[in-house]
Amino acid sequence: MSPIERVADKLEAPDLDNRSYRVIRLRNKLEALLVHDPDTDKGGAAVNVNVGSFSDAEDMPGMAHAVEHLLFMGTKKYPKENAYNEYLTAHSGYSNAYTAATETNYYFEVAASAEPGSEATTNGVPSSPLYGALDRFAQFFISPLFLSSTLDRELKAVDSENKKNLQSDNWRLSQLNKSLSNPKHPYHHFSTGNLQTLRDEPQRRGVDVRKEFIDFHDKHYSANLMKLVVLGKDSLDELETWVGDLFDGTHNKNLPQMRWDGLQPYTKNELMTQIFAKPVMDQRLLDIYFPYQDEYYMYETQPSRYISHLIGHEGPGSILAYIKAKGWANGLSAGPMNAGPGSAFFTVSIKLTEEGLRIYEEVVKAVFQYISLIKEHPPQKWIFEEIKGMAEVDFKFEEKESASNFVRSMCSTMQKPLPREWLLSGTDLIRKFDSDAVTTALKYLRADNYRLTIVSQTYPGDWDMREKWYGTEYKVQHIPAEFVAAVKEAEATTAQNRLPDFHLPHRNEFIPSKLTVEKKEAKEPMKAPKLIRNDETVRSWWKKDDRFWVPRANVFVTLRNPLASAVPANSVKTRMYCALVKDALVEYSYDAEIAGLEYELGDYYVGMGIDISGYSDKISVLLEKVLITMRDLEVKPDRFKVVKERLVRGYRNHDFQQPYHQVGEYTNWLVSDKGWINEQYLAEVTQLTPEDISSFYPKLLRQVHLEILCHGNIYKEDALRVTDLVESTLQPRILPQAQWSVARNLIMPPGSDYTYRRTLGDLANVNHCIEYYLFVGNGVDRDLRAKTLLLGQMTDEAGFDQLRTKEQLGYIVFTGPKSAATTMGYRVIIQSERPTEYPEERINAFLAMFGKSLERMSQEEFESHKKSIINKRLEKLKNLDQESSRLWSHISNEYLDFLQREHDVEHIKPLQKSDMVEFFNHYIHPTSSSRAKLSVHMIARSSPKNVAAHISPTEQKEKVVTLLGKYLTTMGVNADVDKLTSRLEAIDVAGGDQVGIVDAVATYLDEDVQLSEEKVDAVLEQGQQLLGTILPSLGIEVKQSVDGVDGQNFPEAPPVKKTTFIENVRDFKASLESTAGRRPVTDLTEFEDTEPKL
């Protein structure tokens, strides 16, 4: 083995961290952090390569992202394209990756140990699943194949990923900011890529795209720019040996770290402008972007933390408190945003009301007045000490997270120039108060150094441009001189003429002072909480933390009242009431939030829920304030108007979510005995009045049953006091158990096959979606549950590989179990540009194919799947919140099945392959006469097929000519519609001949307009991207350069029975029987507490 340099082995770590660490550097300059965790049952590793989309070729945007996809598709040592993921799935693991501006991050998680009793080595190779995964993983960076057979498929996966994001405002607005930045800075790049940029256009230029990807990997993937993190149960010495052996072959090209210090994303051309952008969802945003300093080397002082704390504060005297009281805004956030090495932005983002949008200039002026206040006061050391102190407390009591999350984030942190001893604390801790650094940083927040973005669906309404990659409508203008002058005047205000509402925050009374934890070792942690009070009014559960020993706690309170969701109108009133309470608590609760104490108040099917989590020291103080505000809420008409408008927008925006986020709601609704959907809420919310809430909420609180869980650093007497606090503050009447809501599901009869079709609300979304649901049975039937879980394990990688990787049905493909209130089943979700009938047919084909695979499956592979799902079910809890959530889920679902995972394992262990074959053939196989299926089809309105039904080919061509003319005009080119029409006369526009359209426009620009070749290329480059958006919106299916998927023959779908379409949901539900309601699987007396107080 080659020499290995040990860089550090004493890392600054949280107090309760029992891991050991070592930083090493291989002879090829690859640096690795090794982590030995004696308690972990999951290992993991990640490699962060210091190259990303900033390194894309100008004429092949998305190259770094495409290379990320292609590395998974086979290596010289492991040429099978899904060998890596197949191995991980067989050992309770999974993997993922992402591409950012200057880094590409690959990571995985896998079982930490081999089966008990197995040999340490097999044929001289360690039998640890972590070693096997590392061996396959390392080859990505040594000898990837970039298989020709997978190239087209993975580029289509990239394209599908891009199309998934086309209607996402986060992606659209982010790219708009990039596209309108300095074209010479790589921040300007389109990072995702699509088929046009990565395949069609390069091939048209005669480029060998596979060679380009290989060259990119050869050029940029260098060991000295890679950071590796490996976490396992194995010793540091053993991990060091593995890393040395497996990663030594990574080639070192001694590449410098790329920086762009002499270049900025905003120049004088971009500054002092305002961009008006039209979003997909109904939202109103005001973003102020200040070009800011890169704090890459300022990890000890981090001056932006101080500035963010003040500008982003929500308490009395803050910007938000003022503009919220004025009715101008609902929320504000502030902080630095990295724009690549050498540059950054400091952003202030404000969620505006309708009134705030109308006078957004006043909001901007208010921000600059507050900035003048900050600059007027020298940096306050006591404020810095509060920020620093809370950061230290948070790090001191930091808990573990999943192996994959840890390795992913840590290898990214390793790219920073931190002392290696500080890798764990990283930039979490602020180590020095540097008043001068804060003062210098504030100088970037000036009235001559910013750009505005105003986002609204209605204002100003005269957007005259479309962004190249996502088609976002926008308008750019210089900020008017009078507005510039007004902002400068606001910046120059002093204590004498500044708004009196503004002042620096007061000292935070929520900063925890009692952080002691009494640690009592137990042979084994308790798996269930104790029932410490159980009467007609309240059922109170408690568990003292016996695993993690942190000074935190979680308190959950359910106010059970069937009135809350009896009809959609009541559900909306309950939600509105909760929103008004939270609105009234914003200023008070913000101090608690920055001191590590948070709350949530929400509605759900049995009533309302209050969750309080954080440092246990002040948890009762916050809970009492929430309860009093709930009890004494004054519904103020001005705040009601603002909150109602926000709620209405939320319901309206629901239909503009990704289709795969929507489809499950309809499946759940169809299989539920009682329940409501978004359109029913939307119909009610517009009718709400302040009087509705004022008269309704006292009824919600008047008669309830309380269910409470206290878990964490909290004693029994404290838990009882919390119970008394809730009861004494609200003083509710008893709600008899006979009046509690009963959750039931509908029973799908054997042999049934139903389809429910729903049209998407988003007119521009090109993605259809299907949820294909197979009903299995009672959710607490241990045997059926075990088989359904094992089936999910066995089809996980197989389904993804066949339906997404091979058949390229869409970027979103999920397979696995699906649980409802009282039932369970198996489901497949696919989001695709293909009409939903096609994915349904391919799911049938996949399931029939898998049925054959199951019958042929070797005993060794079958046992491997069993082992993998058992490992997943028995995976150790990582932190207090995870355990609290698990306990509360068992309480709130009313089954009290705290040993569910152990029961699952008991029933999975004895399963034989014959059991699974019988189960599959009965419940799952497409030709089974006894299976019960429900498919929900979400149908895109903007699919070319749907649009084409309402527009003639002649109209399509006319509209294309009109839009091309508008585009050419915006590019400063004369648009002669008659000549343009003539050039397009012989082109099959309606047939989607995009290449022909582009060639015709090129001829027009060259011969009719007589532009220079350089100008023609510039116009065509941007125009081709717009055509990719415009043509489908006009019902034109764009011809692809390559048809099908690598010419593969896919399994045939078997003949299946004819489906019944659900036309009337009430009639459908009325035709089905319902299950029994939820009941505890264990008698309550088993949990009652009879021990003395602890």
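Over which ring does the charged end of arginine 431 sit? The charged end sits over the ring of tryptophan 422, 3.6 Å from its centre; for a charge to sit over a ring, NZ of Lys or CZ of Arg must be within 6 Å of the ring centre and within 35 degrees of the ring normal. These views come from a predicted model, where local features need pLDDT of at least 70, side-chain atom pairs count only at pLDDT 80 or more, and totals for chains, interfaces and linings use all residues. Residues are numbered from 1 along each chain as its sequence is written, and side-chain values use heavy atoms, with hydrogens and water left out.

**View 1. Arginine 259 has its charged end over the ring of tyrosine 296.** Here the distance to the ring centre is 5.2 Å.

**View 2. Tyrosine 84 and phenylalanine 140 make an edge-to-face aromatic pair.** Rings of Phe, Tyr and Trp (its six-membered ring) pair if their centres lie within 6.5 Å, and planes under 30 degrees apart count as stacked, over 60 as edge-to-face and the rest as tilted. A search of the whole structure turns up 51 such pairs. In this one the centres are 4.8 Å apart, with 70° between the planes. Tyrosine 84 belongs to helix α2 (residues 83–90) and phenylalanine 140 to the loop between α3 (129–138) and α4 (148–165), so the pair ties together parts 56 residues apart in sequence. Helices (H or I, at least four residues) and strands (E, at least two) are DSSP runs, numbered from the N terminus. Tyrosine 84 is buried, at 5% relative accessible area, and phenylalanine 140 is buried at 2%. Buried means under 20%, exposed over 50%, and partly exposed in between (1.4 Å probe, protein chains only).

**View 3. Tyrosine 266 and phenylalanine 345 form a tilted pair.** Centre to centre they are 4.6 Å apart, with 40° between the planes. Tyrosine 266 sits in the loop between α8 (236–247) and β10, and phenylalanine 345 in strand β13, so parts 79 residues apart in sequence are tied together. Both residues are buried.

**View 4. Seven strands line up as an open, mixed sheet.** The order is β12-β13-β11-β14-β10-β16-β15, where two strands pair if DSSP finds at least two bridges between them. β12 and β15 (465–466) stand at the edges with a single partner strand each, so one side of each has no neighbour in the sheet. β11 and β14 run antiparallel, joined by five bridges.
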